[in-house]
Amino acid sequence: MKRFDYMRPLSVADAVSAYKPGAAYLGGGTNLLDLMKIGVMQPETLIDLGRIAELEAIEMLPDGGARIGALVKNSDLAYDRAFAAAFPMVAEAILAGASGQLRNAATVGGNLMQKTRCTYFQDPHSPCNRREPGTGCAAREGDNANLAVLGWSDACIATNPSDMCVPLAALGAVIEVQGPAGKRDIPIANFHFLPGDQPENETALQPGELVVAIRLPAEAAAFARNARYLKVRERTSFAFALVSVAAALQIEGGRITEARLALGAVAAKPWRVTAAEELLAGQAPTAEAFARAADALLQGARPSGENGYKIELARRAIVRALQMSAAGTPKRMPALPASSFAEEVSHV
Amino acid sequence: MSYSISLTVNGDQRRVELDDPRVTLLDLLRERLDLTGTKKGCDRGQCGACTVLVDGRRVNSCLSLAVTLDGADITTIEGLANGDTLHPVQAAFIEHDGFQCGYCTPGQIMSAVGLIAEGHAGDDPERVREGMSGNLCRCAAYHGITEAVVDATRRMTETTERKSA
């Protein structure tokens with residue numbers, strides 16, 4: 001690991017003014033420190049955000065929304081009773097990711113900022129346009145079975161590995177950031193970038209900006225009774241997704257009035273297409289209606305390598321997740337969160 | 001530049017001068033504080049062998065920089081037993097054959113102690129397996145590990161109930 005200077009500011013303002021090119025903000029460190037050990041990240045200065053009290057609150061807002069400080073630990077958010085009751089699929093997605101130890105250390109801001117797990121991005125000896133612009137993409141002719149089938153480019157076929165970000169995208173979360181130019185809000189749909197010909201530009205953050213909080217709008221809480229996260233993976237725990245789905249419905253009198261739907265592990269950002277959600281409005285919650293929404297969400301999907309299977313897998317997972325959602329949010333978190341093997345217990 | 005931190009390690013106050021901010025908690029414990037019970041497996045947060053409690057919560061000590069932990073309360077496997085009396089989780093691992101070679105065991109036990117304190121798994125074997133998935137055992141002693149954690153959870157719950165009765 002390359003040597004770095006260490007700073008521990010006590011306020012966001014101090015953290016931002018400590019920033020200089022070559023510096024990195026440190027949250028829980030579960031991703032950053034790992035990448036520093038293998039030489040993929042080489043910050044000259046680490047600005048530790050761990051003592052900034054203003055970043056540590058979970059606030060349930062009077063209008064029904066929520067504001068989550070960037071330094072809140074993943075596990076603290078998932079097990080917060082009020083939060084999990086209002087936004088159950090966010091809690092389920094968090095508990096479907098990583099391990100108990102990692103969730104205790106990793107922060108929600110860090111979860112938003114985590115890097116792709118593409119093997120070649122994590123290997124400094126491989127060409128990778130995302131890590132080192134202009135060097136090429138080793139994944140195109142390499143191990144690409146779990147890489148992108150949507151929104152990829154010739155320059156990069158990496159995926160975003162986050163579980164938490166998938167329901168946040170479906171629910172229209174807003175990211176509050178602060179930097180040298182002040183504070184601003186970024187809708188999550190605009191936060192992560194598709195690769196295009198500049199995959200090194202991963203997020204909308206400007207140099208020196210940091211994530212301060214994640215806000216969930218009040219209308220997102222209206223889906224609490226029918227909201228599930230489904231994660232398909234090679235083993236049922238402690239594995240990244242092959243495909244994941246956040247599916248939330250509002251159902252009245254046997255008809256869907258509103259739907260929210262997003263896919264994970266298929267692109268460099270959580271994949272949401274509002275046209276797919278609009279197809280579900282006014283429909284009965286049937287497999288046929290769900291299949292039409294799946295087709296709309298997957299419009300334009302194409303293999304970037306040996307990963308064509310992910311398109312059919314996603315199609316089926318979307319239908320399954322919508323069925324699980326229609327059956328009702330379980331009263332208690334399933335023993336295996338986000339698993340299709342978990343016992344399905346109806347909320348009603 | 002050197003960094004001075006103070007830690008409570010297994011109940012003892014320790015003052016540590018770090019001449020290098022790159023030292024992880026794992027390396028601090030093993031190389032500088034002579035507490036080699038905590039094991040280095042993958043050094044990347046994937047195997048759980050380095051699990052310790054920081055302020056009562058289980059974390060991977062390999063992914064934690066010591067310099068960030070000024071003022072923290074650390075518990076390692078060396079701090080669990082009370083003299084010759086084993087912690088209920090340690091006793092249960094022996095009773096249920098929760099290990100073979102033993103290399104992952106300190107991490108397994110610290111993870112189990114953390115899991116039980118979190119209180120979300122109870123004595124449901126499926127929830128225990130899920131809750132312990134951050135700890136790999138290459139000997140595959142998982143059956144005994146799950147039994148040990150379930151049994152220890154029950155015993156510790158009974159003790160708590162008896163105390164509060």
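Predicted model: local features only at pLDDT ≥ 70, side-chain atom pairs only at ≥ 80, totals over all residues.
Chain A was examined at the level of domains. The assignment gives domain 1 (54–113 + 160–219) and domain 2 (224–327). The C-alpha centres of domain 1 and domain 2 of chain A are 20 Å apart. Across the boundary, 23 residues of domain 1 of chain A are in contact with 20 residues of domain 2 of chain A. On the domain 1 side, the elements that give two or more residues are helix 4 (81–86), helix 5 (88–95) and helix 8 (165–170) of chain A. Helix 8 of chain A provides the largest share, five residues. The class make-up of this side of domain 1 of chain A is 18 nonpolar, three polar and two charged residues.

A helix pair of chain A was then considered. Two packed helices are described by the angle between their axes and the distance between the axes. Helix 10 (residues 287–297) and helix 11 (residues 309–327) of chain A have axes that come within 9 Å. These axes cross at roughly 135°. Angles of 65 to 115 degrees count as roughly perpendicular and those over 145 as roughly antiparallel. Helix 10 of chain A is therefore oblique to helix 11 of chain A. The crossing of helix 10 and helix 11 of chain A is right-handed. From helix 10 of chain A, the contact takes Ala287(A), Phe290(A), Ala291(A), Ala293(A), Ala294(A) and Leu297(A). They meet Arg315(A), Ile318(A), Val319(A), Leu322(A) and Gln323(A) in helix 11 of chain A. By class, the contact of helix 10 with helix 11 of chain A holds nine nonpolar residues, one polar and one charged.

Chain B is also divided into domains. Domain 1 of chain B covers 3–79, and domain 2 of chain B covers 88–164. Their centres, taken over C-alpha atoms, are separated by 22 Å. The contact between these domains involves 15 residues from domain 1 of chain B and 13 residues from domain 2 of chain B. On the domain 1 side, strand 3 (51–54) and strand 4 (57–60) of chain B are the elements that give two or more residues. Strand 3 of chain B gives the most, with three residues. This side of domain 1 of chain B divides into six nonpolar, six polar and three charged residues.

A helix pair of chain B was treated in the same way. The axes of helix 2 (residues 88–95) and helix 3 (residues 105–118) of chain B come within 9 Å and cross at roughly 125°. Helix 2 of chain B is therefore oblique to helix 3 of chain B. Their crossing is right-handed. Val89(B), Gln90(B) and Phe93(B) represent helix 2 of chain B in the contact. Their partners in helix 3 of chain B are Thr105(B), Ile109(B), Ala112(B) and Val113(B). Five residues of this contact between helix 2 and helix 3 of chain B are nonpolar, two are polar and none is charged.

Finally, the contact between the chains was examined. Chain A contributes 22 residues and chain B contributes 28 residues. On the chain A side, helix 2 (32–37) and helix 6 (100–105) of chain A each supply at least two residues. The largest share, five residues, comes from helix 6 of chain A. The side of chain A that touches chain B has ten nonpolar, eight polar and four charged residues.

Key:
Residues numbered from 1 in each chain as written. Chains lettered and ligands numbered in written order. Axes fitted to C-alpha atoms, helices over the stretch in contact; angles between N-to-C directions. Helix = DSSP H or I, 4+ residues; strand = E, 2+ residues; numbered from the N terminus. Parallel < 35°, antiparallel > 145°, perpendicular 65-115°, else oblique. Left-handed = near helix turned anticlockwise from the far one by under 90°. Contact = placed C-beta atoms within 7 Å. Nonpolar A, V, L, I, M, F, W, Y, C, P; charged D, E, K, R; others polar. Domains from an automatic or database assignment.
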